[in-house]
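Please work through each task before reading its solution.

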Amino acid sequence: MLHQVMKKIIEMRKDVAFYIKMFPLKGHSEADEKSKSIVCEKSLALLKDAFKKKALPKPNCETLAIDENMKLAQELGITSVPIIILPDGRLLTGYKDTKTLINLIGN
Amino acid sequence: MVLFSSRTVILSLLTLFSMLLWFPQPLHAAQGYGQGCSVFKPCGDGLSCHPLIQKCFHKPRLEGEPCMAGFVCAEGLTCEATSLECRAPGKVGDPCHATRPCGDGLSCQPGVQKCYHVPRQNGEPCCVGYECALGLQCDGMALICREPGKEGDPCHLTRQCGPGLKCAVGSNQCRPVKPDLVVKINMDCSSQSAKLGHTLSMLAYNLFLIFPSKHMGSNPRRAIEIPKWIKQNGSHYDVVIFSEAWLHPGTVASGMGLAGFCNHVYDKREMNGSGLAIYSKYPIEDFDFFNFGAYSAGADSLADKAVLYVRINKGGRRYHVFGTHTNAEVDQFETRVLQYGIIRNFIKSKVIAKDELVVIAGDLNEDRVHQTDKYETMLNEVWAEDIPLDTSGGQYSYDGKENILASSDDREALDHVLHVADPDISTTVILPESSCKYIKPKANYLDFINRDLSDHYAIGCTINWGSLTSIADSKIFTQERLIGPNKIHVTKIPLDDALLLGDQKARSRVIVFTNPD
């Protein structure tokens, strides 16, 4: 999965960092609450648990971050996940393998 | 003669005893490793006297030294009951039994009582409970793990042939597959108003024309109704890929002809074939077939599951379409991974220009909704990316809650259209306006109104694409147009709420939008 690809890349390229933003898809009933829990805790471990379909704790904060992400995604024309935005602003849709993504990130 | 009184004797003995107390050394020097020992000749430090042999050995005993109750072996060693010697865990080929276990990653093969790998490697013995490694098969006659047969190798029920081969009846030798394809390829039956340019519209559909099944009584009627539905609702598709089109292939082909698809390549072998068929409105310039051979598991291996390839020429542009149907069961993921490797190599074997679109379509049996890890592994294995799904058609292609022909309550997204995105094969890119959508073909038949036509739903896609390599020469696309609309001002994206993976000081920041559910 993309998360594994990102982990591989940061091991290979110390000059690359990934900033992961939550974009709960419509039709995924629990996605919104899970996104809030993850953002409140700012926890990669929780995101990993979510990918493994584990139950997450309820959000422990009030946050508008998810609503703002949704609004931003709409402005950017993002309708699916995963979406990757490269340092130069190129937008990629869907999964990319390690080799492809490293090539696209470039130097 | 000197006489001693009893008092003198007693005093002398007491003196000697007290001297012994003052000088508590043994009467003999401590015995070394392997030297004889007894109560009066004790062993030195770190050794103990073995009662049966009366020699000194390490305490605890090391490998090859004698052992028994009270004289135990060092950690990691076992006291072998037959030899009463300490043994290290057996290596490959070493003898083994209840008190002489095998080392890590090995197990004791019943019968021959020797240690072999878990799972068994090529050439090692196998039997029920002692299975062969993935990609090998337990030859039921020799009870040895073997690689699938190569061309000319002997074959039988438990020694199947490798990809692209099949066990020939009579000679029982592995021979190249003759899939018995029905081919009609050189026509152009597209309408004048068909959308050319960089667009491919396609439908992939698992037809469930299968025997046996609870609904097989409806097979003949569905074989008629499915093409009719496509004629009424799918006239905009350029290409249609069917899987599980095992039964009534001629009926389906006739109907598809009437629906406007004048070119086809389909496997007419019915239940022992692949069940694959590809229909096109545009000329098919090339086609090929490659089966999974022995890389197929369970009931699926009774059929000849495979990849069917066509190269379509639509308005002067070539499209490479690989239709497939991989192994079905959830727990057969490892078999499917082998099949993905076969698909990948099959793609690689084709002559594909880098500015030509390559797609894989069909029932790939990875559930995008519930098995995301496996789904993404599949994408990685076939060098592909998915095309954004418009969920207005639902999220599932197999929906046991809704589809009347589905045999379980499961809801799964199993049917996919994938874009092969490996830059070594094709540098095409999918443009944002592309999308796929699950479609629910229904018809009135057999006294039912609005009845599902298969236990799967179809997936319909419109793929708008560009090519990075053709940009410089193309008047249709420019780098600006291809990438320009997608370019984002990254500095305007707030990152306060984002999770950081990597070093905060890293020079290159990549932003990822993801759904946690």
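**Exercise 1. Which residue of strand 30 of chain B is the bridge partner of A:Ala17?**

Step 1. The bridge partner of A:Ala17 in strand 30 of chain B is B:Arg509. Strands here are DSSP runs of E with at least two residues, helices are runs of H or I with at least four residues, and both are numbered from the N terminus. The model is predicted: local features need pLDDT of at least 70, side-chain atom pairs count only at pLDDT 80 or more, and totals for chains, interfaces and linings use all residues. Residues are numbered from 1 along each chain as its sequence is written, while chains are lettered from A and ligands numbered from 1 in the order in which they are written.

Step 2. Seven bridges join strand 1 (residues 16-22) of chain A to strand 30 of chain B, and the two strands run parallel. Two strands pair if DSSP finds at least two bridges between them.

Step 3. Strand 30 of chain B is also joined to strand 2 (residues 83-85) of chain A, by three bridges and in an antiparallel direction. There, A:Ile85 stands opposite B:Ile511.

**Exercise 2. Describe the side of chain B that touches chain A.**

Step 1. The contact takes 45 residues from chain B and 55 residues from chain A; two residues are in contact if their C-beta atoms, placed from the backbone, lie within 7 Å.

Step 2. The elements of chain B that give two or more residues to this side are helix 5 (372-381), strand 20 (384-386), strand 29 (499-501) and strand 30 (508-514). Strand 30 of chain B supplies the largest share, seven residues.

**Exercise 3. What percentage of the 517 residues in chain B is buried?**

Step 1. Buried residues make up 44% of the chain; a residue is buried if 20 or more other C-beta atoms, placed from the backbone, lie within 10 Å of its own.

Step 2. Chain B has six helices and 30 strands.

Step 3. Among contacts in chain B between residues at least 6 apart in sequence, 56% join residues at least 24 apart.

Technical notes. A residue is buried if 20 or more other C-beta atoms lie within 10 Å of its own, exposed if 12 or fewer, and partly exposed in between; C-beta atoms are placed from the backbone.
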